[in-house]
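Reader: I'd like to walk through this one feature by feature. Could you show me how to read it, starting with the strands?

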Amino acid sequence: MLTVENVTKRYGGLVAVNDASLKVQEGRIVALIGPNGAGKTTLFAMIGGFVRPDMGEIRFRDQDITGHAPHAICRLGLTRTFQIVQPFAGLSVLENIAVGAHLRHKSRADALERAAMIGEQVGMGRMLEQSAQSLTVAGRKRLELARALATEAKLLLLDEVMAGLIPSEIVEIVATIRKIRDSGVTILLIEHVMQAVMSLSEEAYVLNQGRMIAHGTPQQLVADPTVIEAYLGHGAADRLQQEGAHA
Ligand SMILES: Nc1ncnc2c1ncn2[C@@H]1O[C@H](COP(=O)(O)OP(=O)(O)OP(=O)(O)O)[C@@H](O)[C@H]1O
């Protein structure tokens, strides 16, 4: 469904993403993980059309979308959420979701009807008339999910939708994301909450200093010395093994 091939993005002397590739098959939940500053958000920005890669190619459903504008990519069925959630403060939850629905529904009544359905789907059924400004962090994350879904995305890119949530809220949003996938939406997510990555995704890619250093099931990756070193520093895999042997 999505193929990223040898994509590179430089900012001056810094190579934020360096010759990175990944594939997302339809119907899957795939995670993109890596330490802070690894280049995850930059890679998402390139896939969504917000940043143009210096090199490489991005294909979505057999179409080359490299360097296309975000609205054109969204119209094809690929939508991303943002790490910092900024709802339209003066609008209700329902109206905020309807902004996404307007991409496919020209009439306000149709957009609102569609928005109400999506609101239910993400567990915001009782908050639809509430002002978006009054939402908690967890509510805002759900709203961001709903706005993206309302564009009738076939592939959703979720950027840290669990950041700042307490464990019980994480459990709820994990269930919601699974439900969204079961409704036919493919998901690529950036996530720091490893417990969520382990329970949600069937496969994960690891980015470190701009390079894709590993790909596998989350279970394989947490046992992979290259991945452990990327997170914990040089020699960490050996140290862990020795500690394990002495325990
Ligand atoms: N617009 C920009 N101009 C200059 N440097 C940038 C820009 N955007 C990102 N970078 C740099 O590129 C590198 C990768 O950043 P990016 O935000 O993609 O990483 P990340 O993996 O998403 O990190 P985090 O997990 O902390 O969000 C960092 O060193 C960052 O400082």
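Author: Happy to. This is a predicted model, and in it four strands make an open sheet in the order 2-1-4-5, with antiparallel pairing. Strand 2 and strand 5 (63-64) sit at the edges with a single partner strand each, so one side of each has no neighbour in the sheet.

Reader: What do strands of a sheet pair through?

Author: Backbone hydrogen bonds, and the pairing can be parallel or antiparallel. Here, strand 1 and strand 2 are antiparallel, paired over seven bridges. Strand 1 (residues 2-11) also runs antiparallel to strand 4 (residues 55-60), joined by five bridges.

Reader: Which residue of strand 2 is the bridge partner of Val4?

Author: That's Leu22. On the strand 4 side, Val4 stands opposite Ile58, while Leu2 stands opposite Phe60.

Reader: And how many residues lie between strand 1 and strand 2 in their hairpin?

Author: Two, and Gly12 in that turn has a positive phi of about 60°.

**Reading the ligand shell**

Reader: On to the ligand. Which residues surround it?

Author: Among them are Tyr11, Leu14 and Ala16, along with Gly34, Asn36 and the run Gly37, Ala38, Gly39, Lys40, Thr41 and Thr42. Strand 2 (14-24) and helix 1 (40-48) are the elements that give two or more residues to this shell. Helix 1 gives the most, with three residues.

Reader: Now helix 5. How does its span compare with what is expected at 1.5 Å a residue?

Author: Helix 5 (residues 137-149) has 13 residues and reaches 18 Å from first C-alpha to last, close to the 18 Å expected.

Reader: Is helix 5 mostly covered or mostly uncovered?

Author: Mostly covered, with ten of its 13 residues buried. Burial here is a count of neighbouring C-beta atoms, 20 or more within 10 Å, and the buried residues include charged ones by name: Arg140, Lys141, Arg142, Glu144 and Arg147.

Reader: What do the buried residues of helix 5 pack against?

Author: Strand 6 (78-80), helix 3 (93-101), helix 4 (108-121), strand 7 (155-159) and helix 6 (167-182).

Reader: Which residues touch the most other members of the largest nonpolar core?

Author: That core has 68 residues, and the ones with the most such contacts are Leu32, Ile97, Ala146, Leu149, Ile187 and Leu188. Beyond its neighbours within four places in sequence, Leu149 is in contact with Ile118, Val122 and Ile180.

Terms used:
Residues are numbered from 1 along each chain as its sequence is written. This is a predicted model: local features need pLDDT of at least 70, side-chain atom pairs count only at pLDDT 80 or more; totals for chains, interfaces and linings use all residues. A residue is near a molecule or strand if its C-beta atom, placed from the backbone, lies within 6 Å of it. A nonpolar core is a set of buried Ala, Val, Leu, Ile, Met, Phe, Trp, Tyr and Cys residues joined through C-beta atoms within 7 Å. A residue is buried if 20 or more other C-beta atoms lie within 10 Å of its own, exposed if 12 or fewer, and partly exposed in between; C-beta atoms are placed from the backbone. Two residues are in contact if their C-beta atoms, placed from the backbone, lie within 7 Å. The expected span of a helix is 1.5 Å times one less than its number of residues. Two strands pair if DSSP finds at least two bridges between them.
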